[in-house]
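Welcome! Open the structure in your viewer, keep the selection tool at hand, and follow along one stop at a time.

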Amino acid sequence: MANLIANGDSSGDGGPDLVTVANEKYVLDGYSGNPSWLVTYRGLGNGQLSRGERTNGERWGLNGFC
């Protein structure tokens, strides 16, 4: 991952979240990274983030941000 993007509340839980696009070295749920996975880190409200969650979408979902 090269960049994290603060995109507000993408999970709908009221806390700020970060999103990124995985690269081939990223491993999620035991699977090697697909260079286009869209990964979300939910804000936990205490200054920490949840572990990365693959979202329904790929880097194309960031077109509005980049």
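## A walk along the strands

Start by selecting residues 4–8 and 17–21: these are strand 1 and strand 2, which pair in the antiparallel sense over four bridges. What you are looking at is a predicted model. To see one of the links, pick Leu4 and look across to strand 2, where Thr20 is its bridge partner.

For an example here, click on Asp17, whose bridge partner in strand 5 is Arg42.

## Stepping back

Zoom out and colour by secondary structure. How many helices and strands are there in the chain? There are zero helices and six strands, so from the N terminus on the elements read β-β-β-β-β-β.

The accessible surface of the chain is about 4,300 Å², and carbon and sulfur atoms account for 49% of it. Of the chain's 66 residues, 29% count as buried.

## Into the core

Hide the surface again and select Ala22, Tyr26, Leu28, Trp37, Val39 and Tyr41. These six residues form the largest nonpolar core. Strand 5 gives the most to this core, with three residues. In soluble globular proteins, nonpolar side chains tend to be buried together.

Stay with Leu28 for a moment. Which residues does Leu28 touch, not counting those up to four places away in sequence? Show Trp37, Arg51, Gly52, Glu53 and Arg54, and you have its contacts.

## A stop in a loop

For the last stop, select Leu44, in the loop between strand 5 and strand 6 (53–58).

Finally, bring back Asp17 and check the distance between C-alpha atoms: Leu44 and Asp17 are 27 residues apart along the chain, and their C-alpha atoms are separated by 8.7 Å.

Key. Residues are numbered from 1 along each chain as its sequence is written. This is a predicted model: local features need pLDDT of at least 70, side-chain atom pairs count only at pLDDT 80 or more; totals for chains, interfaces and linings use all residues. Side-chain values use heavy atoms; hydrogens and water are left out. Helices (H or I, at least four residues) and strands (E, at least two) are DSSP runs, numbered from the N terminus. Buried means under 20% relative accessible area, exposed over 50%, partly exposed in between (1.4 Å probe, protein chains only). Accessible areas come from the Shrake-Rupley method with a 1.4 Å probe; for residues, only the protein chains shown count as cover. Two strands pair if DSSP finds at least two bridges between them. A nonpolar core is a set of buried Ala, Val, Leu, Ile, Met, Phe, Trp, Tyr and Cys residues joined through side-chain atoms within 4.5 Å. Contact means heavy atoms within 4.5 Å.
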